[in-house]
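Subject: Handover of a structure and notes on its aromatic rings

Dear colleague,

Please find below the structure that I am handing over to you. My notes on it follow directly after.

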Amino acid sequence: MNAFMKYVFNCQVHKVYHRFGHTETKLKRRAQWLKPEGHETNITIYNPITKCKVPLILKNKNFLTWYICGPTVYDSAHIGHAMNYVNSDIIRRILSDHFNINVVMAMSITDVDDKIIALSKEVKQDYKDITKHYEIEFFEDMKMLNVLEPHLYCRVTEYIPHIINFIKGITEKGNAYAATDGSIYFDTNKYGMYGKLANPILDNTHPDKKSATDFCLWKAAKENEPFWESPWGNGRPGWHIECSTIASTVFGNSIDIHSGGIDLIFPHHENEEAQSCSYHKVEQWVNYWIHFGHLFLGDVKMSKSLKNTISIREFLKKYTANHIRILCLLSDYRTGFKFSDDLMNNAVQILHKIEHFINDCNSYIGGRWNLGNVDEVVLLSYLEETKNNVNIALANDFNTAQAMKSLMNLIDVGNKMLHDPKGLNTTCSTCIPAVAAVLNYILTTFSKFGISKSTTADDHRMNNIVECLVKFRNTVRCRTLEQDVKDKVLLAACDEVRSNLSSCGVIIKDSKTETSWNIKKY
């Protein structure tokens with residue numbers, strides 16, 4: 001852009017902001033991000049204000065506060081929501097389990113809003129019964145997805161007194177005004193940094209608004225709708241004030257991380273930041289914003305309002321929680337992508353490969369694996385390189401996709417050694433510690449990512465039964481193969497056992513002399 005074009009562009013921008021009460025000075029302050037004072041973590045994180053990665057600095061050493069926008073409980077959660085919550089769970093686990101940071105998290109539950117009220121009227125059911133039903137369903141969905149619970153669930157209706165006091169604080173500072181119907185609006189002209197996160201989208205639908213960028217803090221009551229008493233008359237909270245109040249009540253005038261879907265950048269998060277800075281008299285309320293990319297069906301964002309969703313429970317009939325977590329690990333949390341069977345099949349195959357490697361390592365360590373040509377020095381060298389690369393990747397804006405490449409490369413190296421036929425019957429016992437070290441690292445790392453592996457006493461008993469059956473089958477098969485004249489009936493019986501066990505989820509792998517098995521997880 002040449003100098004003249006820059007001048008024309010700046011003049012046009014100035015006209016727009018001047019029209020709606022913004023001055024050129026305020027516009028220059030819009031994109032500022034204040035680097036926090038505190039403790040370095042050696043982690044970088046993408047900053048939507050600066051549009052680049054910045055160092056993660058915490059107010060308190062190894063202690064991080066995190067507020068996450070939770071569900072509006074008027075319908076079942078879909079896999080687009082699941083991706084958001086699984087991605088946040090992965091980052092939370094990386095911070096706490098990999099970098100040893102004590103993460104304290106609070107999540108909002110929106111249990112009163114326009115959509116809830118509309119559904120209540122449509123089905124002629126009390127809004128409280130509707131929200132309770134979908135809240136319980138959401139909790140169950142998160143448990144099935146192995147998403148850790150936040151330390152605090154915060155229902156909007158339980159914070160109404162706090163919300164009223166929060167709005168009073170803003171109005172007393174002169175940064176809000178009353179409309180003729182009794183609604184209260186935030187005055188963006190009085191706030192010098194509106195547009196910090198995104199360029200404002202003008203909305204002049206309410207005739208009493210002073211500016212098209214002003215937004216509602218308190219909605220005046222309408223007939224046959226839930227309401228609460230306030231100094232401005234009966235009504236209920238606006239959308240954005242709810243999260244500002246809840247997060248401020250829990251964490252105060254500064255939060256380390258605030259997260260949500262990328263669609264919440266504007267207006268929700270922009271308005272949260274504006275009203276919270278105004279209330280607390282600070283220039284920066286949230287130090288780091290994290291936004292998760294959309295999941296698309298075709299070219300359209302998956303959305304309840306568009307009715308193009310796949311519910312979490314429908315998804316889990318075909319896939320597992322580990323599959324969607326692998327899909328998240330392979331992706332950039334900030335980038336949206338199109339959901340497809342090909343994507344899921346890739347995640348299934350990668351998880352399958354990981355599980356087979358774990359099973360093969362266990363077989364090798366347990367003396368049930370006579371193949372392999374393990375080079376201890378080379379394997380341990382790859383292990384150390386992988387550890388270093390994974391640590392660098394995770395410290396670089398939680399780059400799990402790069403970390404997964406390093407982990408799968410280590411598995412490829414281990415697989416090549418374990419399946420090298422040159423090592424038949426020559427496994428060296430001194431190589432067992434190296435294989436065990438790799439196995440331990442793989443298990444620990446994927447556990448830190450939230451890949452679940454649940455075992456019970458019944459699981460162990462069943463594993464022992466399968467182990468006995470597989471050993472018996474292997475003995476029969478090997479003895480039959482050693483005979484000059486093969487007994488086709490016995491070999492067919494062995495094949496039938498393998499086929500029947502496969503239909504039950506037990507996968508048998510035969511080599512020339514040995515047999516291994518594992519439980520299929522999908």
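This is a predicted model: local features need pLDDT of at least 70, side-chain atom pairs count only at pLDDT 80 or more; totals for chains, interfaces and linings use all residues.

Residues are numbered from 1 along each chain as its sequence is written, and side-chain values use heavy atoms, with hydrogens and water left out.

The structure holds 15 aromatic pairs. Rings of Phe, Tyr and Trp (its six-membered ring) pair if their centres lie within 6.5 Å; planes under 30 degrees apart count as stacked, over 60 as edge-to-face and the rest as tilted. The pair of Phe-315 and Tyr-319 is tilted, because the ring centres are 5.2 Å apart and the planes stand at 35°. Phe-446 and Phe-449 form an edge-to-face pair, with 6.1 Å from centre to centre and 85° between the planes.

As to burial, buried means under 20% relative accessible area, exposed over 50%, and partly exposed in between (1.4 Å probe, protein chains only). Phe-315 is buried at 4%, and Tyr-319 is buried at 7%. Phe-446 is buried at 5%, and Phe-449 is buried at 1%.

Ring pairs also link Phe-186, Tyr-191, Tyr-194, Phe-215 and Phe-266 into a cluster.

Finally, a charge sits over a ring if NZ of Lys or CZ of Arg is within 6 Å of the ring centre and within 35 degrees of the ring normal. The charged end of Lys-210 sits over the ring of Tyr-177, 4.6 Å from its centre. For Arg-334, the charged end sits over the ring of Tyr-46, at 3.9 Å from the ring centre.

Yours sincerely
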